[in-house]
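Subject: Structure handover and notes

Hello,

Please find the structure you asked for below. My notes come after it.

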Amino acid sequence: MKKNLLVKVILILLLTIACGFISYPNSRLNFKIGNLQIDKKFDLSLGLDLSGGSHLVFEADTSKLDASKKEQAIKSLRNVIEKRVNLFGVSESNVQTSNFEGKDRIIVELPGISDPKEATALIGQTAQLVFVEIQEGTPSATIAPTGLTGADLASSVVVFDQNSGRPSVSFEVVKESQSKFAEVTTKLIGKRMVILLDQAVVTDAIVQDTLSTNGQITGNFTVEEANEMSDLLNSGALPVPVKLVEERTVGATLGADSVAKSVKAGLIGLVMVMVFMVLTYGKYGIIADIALIIFGIITIAVYKLIPVTLTLPGIAGFLLSVGMAVDSNILIFERLKEEIKNRPMASALEISFGRAWDAIRDANVATLVTAFILANPLDWSFLHVSGPVRGFAITLALGIGISLFTGLVVSRNLLRLFTKNDNK
Amino acid sequence: MIISNQNMILWMRFRYIYFAISAVFLTVGIFSLFKWGLNLGIDFTGGVVTEYQLSSGEIKNEKYGVKSDEEINKIRENIKIQGAKELRFEVVGPSIGPELIKKTLYALGISATLILFWVAIQFKSIKFGISATLATLHDSLILIGGFSLLGHFMNVEIDFLFVTAVLTILSFSVHDTIVVYDRIREKQRKYDPVIGSDITKIANSALTETMVRSLNNSFTIIFMLLSLVLIGGDSVRWFAVALLIGTISGTYSSPFVAVPILVTWEELEKKLKK
């Protein structure tokens, strides 16, 4: 029993040290095992409200599309927007879709963007797919529009060439444009025709034949490249206009200011809680405080490992979970005060943990249920799929999980260790 | 008089006073809601909010209603012309608010129902579930009513963070109530000849034993929140105030709303059976 306890306390200590290493600001793991080079940086990822950046929500106008094409259209739309977002070169940008009561939205997050106005303009502009003719000449080639656009394409798919087995992209032309398509391609046989999407080259091909109802783009490309090309042609063929319905831009300085203030407030609050615990529960209060510090260290390490994107509401969720972590200890100590009147320390301790467990379990499960609904891990479209509510719920849920561990494992074993002499 | 010979405070003797106190707060809150409504921010109504810093260091805030794209660009240009630095720029379309409200109501509805069933199952009685949910509703109403008053008198706006606060209080309130209920459950399981099986006595004894824990626990949360209100900065101040109101109400409602409802219900049932 005694040996067992010592092992447990040492394990807790080791876990705390490991987490402490990860939690330490700017920590980095860099070592070599044989030929295996491990280099990992542990950083807290901060949300847009803390690090600064733009949160943009675009609404897609899918009213003119029938249901079967809608899904494909939204997928293409997302791909196009993702491409445009990548043009800004911001790291950790995020594009996601949401659907609520028939409204399709694209949510774009751009951390640390310097010119949000330009970003919203470029991302929100309706995709324009154009076919241009390259007129070779001296000293340089010139681009001339052919009059064909993405609107002339009905759809496109990736097909595999029967002879070579190579992927190629096949497309169909809409009925009304077939004569126009035939006219242009006849004129351009043997010449270069380039398809541009928002000024970027999608494909650069040489026209082989007159095309009217359909065509095929062949070349030396991989399956991924073919898929991408097909997506782009589809998005041009199904231009879904988008409208910016929400923009939230926070400057980096304001974000940094918020972080500094909340961290300061959190630390002062934490110190007050710790002092209160020592004043109220004496020796046990110190144990609760140690458990609380371990709670903090493990939590930050988990935030870094998952990683959890911290936002202001997320910090609030963390603070609330600190309250609940302390509550587990208070429940046990209050129980201990009662039980110790009737029995020796060791058994009073075990009974207190046993009895307090019912309350702790039922209360924390109730909170977890709420956190689960708010965090919406299954992405149910009728609930929040992004934003502050989710950030809050995730930190709250993690906090509860970790507080159960620190309350029931850490505090318990520390209490056993520190009350060992009370038995004799 | 108040303390019985079993060394417990006869809390339930004053239960109509607790109901009266709650009724006063609820009435004021609901009155304010009907009279002044809620001071909704752009998260609900749609619109534009800007915050920018002039080269002199002065920080300016501006708020507009729903604007067209050109008008929004003009507002942006205007900030640039003044040589000011954009600190915050938020545009919310008119369609966001209703969606936010609906999603939140769904979330509230689902979690309240799940919690009701969880409590009912764990305590093997639907009475526990419903009383706990009513106490939670009480806290939510007090919080929303309180912010209706704050909105009218101090121009505090309801934003997305407030929604988060209401949801937090939902879970805190139930958390706190379950701890008190747990003690009642324990006393019902283990028959104590001094207390007997009378629900009023059991409740009195359970409240006496859990009161210190409830207060101590709330103090720790209140410390954290007070610190946020005072030095946490503008962006979280009213959020912290909302949590503070909710925490105080949630602490009050466990012994003085959830338990009295349960006791009254049990007594009424007994009378009807007779």
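The notes cover conventions, then sheets, helices and single residues.

This is a predicted model, in which local features need pLDDT of at least 70 and side-chain atom pairs count only at pLDDT 80 or more, while totals for chains, interfaces and linings use all residues. Residues are numbered from 1 along each chain as its sequence is written, and chains are lettered from A and ligands numbered from 1 in the order in which they are written.

Sheets

Helices here are DSSP runs of H or I with at least four residues, strands are runs of E with at least two, and both are numbered from the N terminus. Two strands are said to pair if DSSP finds at least two bridges between them.

One open sheet takes strands from both chains: seven of them, in the order β5(A)-β6(A)-β4(A)-β14(A)-β3(B)-β1(B)-β2(B), with antiparallel pairing. At its edges stand β5 (94–100) of chain A and β2 (59–64) of chain B; each has a single partner strand, so one side of each has no neighbour in the sheet. From one strand to the next the twist averages 20°. For this and the other angles below, axes are lines fitted to C-alpha atoms (for helices, over the stretch in contact), and angles between N-to-C directions run from 0 to 180 degrees.

Where do the two chains meet in this sheet? Strand β14 (residues 242–250) of chain A pairs with strand β3 (residues 85–92) of chain B, antiparallel, over five bridges. There A:V250 has B:R88 of β3(B) as its bridge partner. Within chain B, β3(B) also pairs with strand β1 (residues 47–53), again in the antiparallel sense, over seven bridges; B:T50 has B:F89 in β3(B) as its bridge partner. Within chain A, eight bridges join strand β4 (residues 53–60) and strand β6 (residues 103–111) in the antiparallel sense, and the bridge partner of A:L56 in β6(A) is A:V108.

Another open sheet has three strands of chain A in the order β9-β10-β13, with antiparallel pairing. Its edge strands, β9 (153–160) and β13 (214–217) of chain A, each pair on one side only. Neighbouring strands in this sheet are turned by 25° against each other on average, direction ignored. β9(A) and strand β10 (residues 167–173) of chain A run antiparallel and are joined by seven bridges; A:V158 stands opposite A:V169 in β10(A).

Helices

Helix α10 (residues 388–418) of chain A has 31 residues, which at 1.5 Å a residue should span 45 Å; the end C-alpha atoms are 42 Å apart, which agrees. The expected span is 1.5 Å times one less than the number of residues. α10(A) bends by about 30° at A:T406, the bend being the angle between axes fitted to the seven residues ending at a residue and the seven starting there. Of the 31 residues of α10(A), 23 are buried. Buried means that 20 or more other C-beta atoms lie within 10 Å of the residue's own, exposed means 12 or fewer, and partly exposed is in between, with C-beta atoms placed from the backbone.

In chain B, the axes of helix α6 (residues 160–189) and helix α8 (residues 234–273) come within 8 Å and cross at roughly 30°. α6(B) and α8(B) are therefore roughly parallel (angles under 35 degrees; over 145 is roughly antiparallel, 65 to 115 roughly perpendicular, the rest oblique). Their crossing is right-handed, that is, the near helix is turned clockwise from the far one by less than a right angle.

Single residues

A:L270 lies in helix α7 (residues 252–305) of chain A and is buried, with 21 other C-beta atoms within 10 Å.

The peptide bond from A:I306 to A:P307 is cis, with omega near -15°. A:P307 is in the loop between α7 and β15 (309–310) of chain A.

Which residues other than glycine have a positive phi? B:K124 has phi near 50° and B:N155 about 60°. B:K124 lies in the loop between α4 (96–122) and α5 (126–154) of chain B and counts as exposed, with 10 C-beta neighbours inside 10 Å. B:N155 is in the loop between α5 and α6 of chain B and is exposed, with 8 other C-beta atoms within 10 Å.

Regards
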